[in-house]
Amino acid sequence: MADNIIKKVRHFFYCIVWIGKDKITKPFIGQPQIKSVEETYEKILTDHVSVSRFGDGEFKWMADLPQNTFQNPSKEMQQRLIEISKSDLENHIVCLSDTFGDLKQFNAYGREFWGCFMGMYRKKWMRFLKPGKVYYNTNMTRPYMDYVDKSPCAMRFAMLKKIWQDRKVVLIEGKKSRLGVGNDLFSTAASVQRILAPATNAFDKYKELLTRACQLEKDTLILIALGPTATILAYDLAKCGYQALDIGHVDVEYEWFQMGATSKVPLKNKYVNESLQGRNIGELQDEEYISQIIDRIE
């Protein structure tokens with residue numbers, strides 16, 4: 001009980017300190033260079049690079065901080081994330097949350113969350129980054145919910161759809177993620193197939209996932225939604241000559257965008273980690289979805 005009270009007091013303190021500073025925050029020495037969401041799309045479309053994304057969860061796994069989530073920590077996963085955060089593959093980019101400085105682009109929830117988080121951990125996160133490296137924007141897959149100005153969102157999702165336009169797509173996703181089911185997110189793709197992975201602790205099956213992915217044809221665009229496992233798998237597949245994108249919550253964001261949602265609400269038949277009501281979902285009996293499944297890694 002006492003520990004929880006101390007944590008809440010500390011959390012409140014950092015919120016006040018960071019949000020107060022937010023209004024006058026200026027670039028600081030050593031601040032990572034992070035491209036915009038639009039520049040990230042352009043990089044992918046122009047150079048056909050693979051993408052690994054780092055958010056608060058990946059940082060916590062790297063820093064060995066506790067979190068109650070869908071993936072148990074491991075030393076191997078921790079070391080791989082640290083390696084990738086500083087990597088420089090020609091056909092691969094690393095994305096960070098653009099939250100190291102000013103937070104004015106975010107709504108009240110985003111400013112509070114990132115203000116508190118960076119107030120506590122920004123200096124520690126900086127230690128995992130490569131000085132002078134150009135990073136891209138993790139929110140390429142989260143271009144809607146946390147932003148104040150939602151007017152660019154339709155254009156952003158249109159740019160996303162161009163990435164897989166006329167491409168053979170294989171989704172590697174948790175078995176309850178169901179990306180694109182019930183919407184037109186992947187309507188521009190030439191074809192869509194799926195490899196289903198465990199909904200939790202997917203990294204425990206990492207070798208099997210990598211081996212199976214490497215059996216795909218090299219012109220396949222591989223889209224991965226598996227938390228930190230996706231971050232690592234996209235990097236390893238880039239080294240093997242594939243284009244692989246860690247796309248995380250893109251389908252959830254797209255659903256919220258279409259709904260005009262103003263909070264992170266649960267979605268029918270889809271796992272939504274950020275909504276407690278969205279974590280308990282049943283089986284899906286959808287013929288098109290079932291026909292797209294080419295393998296299951298249990």
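Student: In E8, which residue is the bridge partner of Ile 224?

Tutor: Asp 246 is the bridge partner of Ile 224 in E8. Two strands pair if DSSP finds at least two bridges between them. E7 (residues 221-225) and E8 (residues 243-246) pair in the parallel sense over four bridges. From E7 the chain crosses through helix H8 (residues 228-239) to E8, and this β-α-β crossover is right-handed. That is, with the strands pointing away from the viewer, the path from the first strand over the helix to the second runs clockwise.

Student: What should I know about the model and its numbering?

Tutor: This is a predicted model, where local features need pLDDT of at least 70, side-chain atom pairs count only at pLDDT 80 or more, and totals for chains, interfaces and linings use all residues. Residues are numbered from 1 along each chain as its sequence is written, and side-chain values use heavy atoms, with hydrogens and water left out.

Student: How many helices and strands does the protein have?

Tutor: The protein has 10 helices and nine strands. Helices (H or I, at least four residues) and strands (E, at least two) are DSSP runs, numbered from the N terminus.

Student: Which strand do five bridges join to E7?

Tutor: Strand E5 (residues 168-174), and E5 and E7 run parallel. Val 169 stands opposite Leu 221 in E7.

Student: Are the faces of E7 covered or open?

Tutor: In a regular strand the side chains alternate between the two faces of the sheet. Both faces of E7 are covered. Leu 221, Leu 223 and Ala 225 lie on one side, Ile 222 and Ile 224 on the other, and all are buried. Buried means under 20% relative accessible area (exposed is over 50%, partly exposed in between; 1.4 Å probe, protein chains only).

Student: Why is H3 called largely enclosed?

Tutor: Seven of the eight residues of helix H3 (residues 56-63) are buried, so the rest of the structure largely encloses H3. Its cover includes strand E2 (50-53), helix H4 (75-85), helix H5 (108-126) and H8. Contact here means heavy atoms within 4.5 Å. Just after H3, Asp 64 takes a positive phi of about 60 degrees.

Student: How do I read two packed helices?

Tutor: They are described by the angle between their axes and the distance between the axes. Cys 153, Ala 154, Phe 157, Leu 160 and Lys 161 in H6 meet Val 250, Glu 253, Tyr 254 and Phe 257 in H9.
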